[in-house]
Structures are given as C-alpha cells and as structure tokens.
Amino acid sequence: MKIAARPCFSLPWLFVALSGLLPCCGVAADSDLPVCHMIATGGTIAMKIDPAKGAPVPALSGEDLVASVPGLNNVALVRIESLFNISSDYMDPEHWVAIQKAAIKALSTEDVAGVMISHGTDTLEETAYFLDLTIASDKPIVLVGAQRNASEPDFDGPRNLINATRICVSPQARGKGVMIALNNQINAAREATKTNTSDVETFKSGEFGFLGVVDPDRVVFHRTPERRQYIALKDGPVPRVDIVAIYAGVDGTQVRAAGAAGAKGIVIQALGLGNVNIPVYEAIKEAIKRGVVVVISTRVPNGRVLPVYGTMGGGQTLKEAGAVFADNLSPQKARILLMLALQNTSNAVEIQRLFDR
C-alpha cells in the first residue's frame with residue numbers, strides 16, 4: 001500500500017539523522033520509490049501500556065507502526081501484511097513456517113525490493129536464522145524490533161523501522177542474507193544474539209562484528225556473511241529437537257526425558273569446548289544408541305566447540321560416541337539447523353557436514 005503524507009512529528013533524532021535526505025512535512029511519496037513489503041508479527045515494538053494491567057500488551061498493527069514514522073513514505077512504498085500480533089515468547093516452528101511462506105510470496109513479486117519483518121526481540125535471532133536457512137532469495141530480508149514499547153517517551157521503534165526500511169530497499173543489501181536491524185546497526189542472522197535484556201544496543205555478533213551501519217546519508221556495509229546455506233523446508237511439522245543445559249552437578253535426567261518426550265534430536269548446551277560430566281555422558285550414549293541425534297554446543301558466547309578433551313564426557317569421548325559438534329552456533333541456533341537437517345537424514349556424518357559449512 002502507498003503511505004500518505006502526514007504532518008511532521010516532534011522527533012529530533014529523526015530530523016537530525018535524515019537532514020537533507022528525507023523530506024517530511026507535506027511532501028507526497030514518490031510513486032517511483034522501491035517497494036518494501038512489511039510483515040508485522042508483534043513484539044515489544046507493537047506494544048503499549050494497558051492502563052488496567054499497568055504493563056505492555058500487544059496493541060499496534062503494522063499500519064499503526066508505519067504511521068508512527070515520519071518520513072518513511074519518502075524512503076519506500078511500504079506494503080503492510082499484519083500476519084499476527086504476539087509476544088515473541090510465543091513464537092514456535094509453526095509461526096516460523098507462516099512467516100517463511102509469507103516472505104517467499106512477497107519476495108516473488110517482481111516490484112518488491114525486499115521484506116521487513118517486525119518481531120519481538122526475545123526470539124528474533126531464532127526466527128532470523130530459520131528464515132536465513134530456508135529462503136533462497138538474494139533480496140534483503142530485515143528483521144526489526146524494539147527494546148522499549150510505544151508508550152515510553154524514548155520508544156526506539158520508529159528509528160529502527162526507518163532504518164530497516166532503508167536497508168530493505170538498499171541495492172547493497174542484496175545477497176547479505178537475513179539481517180537484524182536495531183540501534184543503527186546491522187547484524188547477520190547466523191551470528192547475532194541478544195546480549196542485554198533492556199539496552200537498545202542489544203544485538204551483537206560477538207567476535208565477528210556488525211555487517212554494517214545505517215548512517216544519516218546512506219546504508220554502509222563493511223562485509224558479507226560467508227557462512228550461509230540453504231535447506232529446503234518440507235511440508236509437515238519439523239522434527240522435535242530439545243535443548244539440555246549443562247551445569248555443575250547435573251545428571252542425565254533431562255537428556256533421557258527429552259528422548260522419552262519424542263525428541264528426534266537433542267542439543268547439549270555443554271561446558272567450554274564441548275564437555276559434560278559422566279552422568280550426562282552416559283545418558284548421551286544411551287540416546288545415540290536409540291537413534292536420537294545429539295549435537296554438542298556450548299554455553300560460552302564465543303568460539304567453536306571441538307573434540308579436545310579425552311576424559312569421560314570430554315569432547316573427544318563424545319565424538320567417539322557419535323555426537324555431532326555445532327561449530328560456533330549457539331544452542332538455540334544449533335537446534336534450528338538440526339531440526340531442518342532431520343527432515344532429510346539422521347546420519348550423524350551428513351549432519352556434521354551441515355554444521356561445518
């Protein structure tokens with residue numbers, strides 16, 4: 001849809017950031033502008049304080065969000081699809097599939113330059129990585145959220161939305177995969193993770209750094225993510241994969257419970273380079289013998305897991321038992337890759353190749 005011109009809002013940061021670039025007051029949108037398809041899914045960016053509850057709840061549609069951003073209609077023609085309006089705590093594989101299908105449909109439209117998806121920040125990195133793995137288009141896909149709800153005076157939603165729209169229609173954003181845009185910073189889906197519960201600069205890419213930034217005059221990219229792959233999404237529910245956290249004194253109860261609940265795969269949030277204690281090691285061996293694929297990740301934020309230690313439960317013994325190593329993927333992202341891999345195979349050697357890419 002074409003967004004009509006509207007009066008300027010009193011948002012000093014926006015006028016400073018876009019001075020000389022995006023006229024606002026009384027200027028109609030250019031019909032020759034590129035098209036950005038927005039898929040609204042909810043999250044804090046779409047919340048306001050409910051007076052009765054005294055707490056933020058879903059309140060804003062995609063149309064409401066776009067209407068809150070002065071100057072947006074001078075960046076792109078934004079077509080809005082309000083898919084659902086939920087907290088990202090409620091996000092699950094069924095919702096991922098719905099977003100993926102909506103994004104593919106939009107990207108297949110010739111005049112659409114890219115897709116922007118508004119989303120809650122709690123599970124935003126998981127949705128982003130699922131889409132990065134299951135969508136083959138070179139057109140930009142940008143996930144955007146906010147750390148502050150729309151009732152707060154320093155609501156960060158408008159800034160993030162206009163930045164995400166600028167990335168969405170930037171020719172330089174093609175071929176970069178799925179991206180996350182908050183706080184003027186651009187992160188790659190595979191690498192980004194939420195690092196702070198409330199700060200606006202929450203998404204970071206660890207040792208790899210940002211893909212680029214959104215400056216006042218243009219979108220600037222410094223690199224292109226190389227570790228990307230495509231896995232076709234099959235019809236039907238994706239296989240169940242559970243995550244089991246390791247800590248001092250844990251036993252094998254949770255590993256066995258995951259298998260008993262029907263998990264086809266288990267991701268172990270291991271210690272250090274990828275190590276567990278003896279009780280968990282024994283439970284992992286049992287699971288592998290039953291045909292459950294076990295992937296070893298780590299609770300450490302940076303670095304790869306490697307089969308180094310030879311003590312019982314050390315990485316070397318887990319590798320010998322048939323476990324797959326998750327490289328540098330976080331447990332939540334290793335789970336997504338394993339879910340998709342299990343659509344096609346339960347062979348640990350073949351699955352290890354996917355994690356090594």
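This is a predicted model: local features need pLDDT of at least 70, side-chain atom pairs count only at pLDDT 80 or more; totals for chains, interfaces and linings use all residues.
I started with Ile49, which is partly exposed at 38% relative accessibility (buried is under 20% relative accessible area, exposed over 50%, partly exposed in between, with a 1.4 Å probe and protein chains only). Residues are numbered from 1 along each chain as its sequence is written, and side-chain values use heavy atoms, with hydrogens and water left out.

Back to Ile49: I found it in strand S2, residues 47-50 (strands are DSSP runs of E, at least two residues, and helices runs of H or I, at least four, numbered from the N terminus). Leaving out residues up to four places away in sequence, Ile49 touches Gly54, Ala55, Pro56, Asn149 and Ser151 (contact means heavy atoms within 4.5 Å).

Next, salt bridges. My search of the whole structure gave 11 (a side-chain nitrogen of Lys or Arg within 4 Å of a carboxyl oxygen of Asp or Glu).

I looked up Arg223 and Glu191, whose closest N and O atoms are 2.6 Å apart. Arg223 sits in the loop between strands S12 and S13, and Glu191 in the loop between S8 and S9, so the pair ties together parts 32 residues apart in sequence. Glu191 is buried at 19%, while Arg223 is partly exposed at 22%.

Then I checked Asp327 and Arg304, which meet in a salt bridge at 3.4 Å, N to O. Asp327 is buried at 7%; Arg304 is partly exposed at 47%. I also noted that Arg227, Arg304 and Asp327 are linked in a network of salt bridges.
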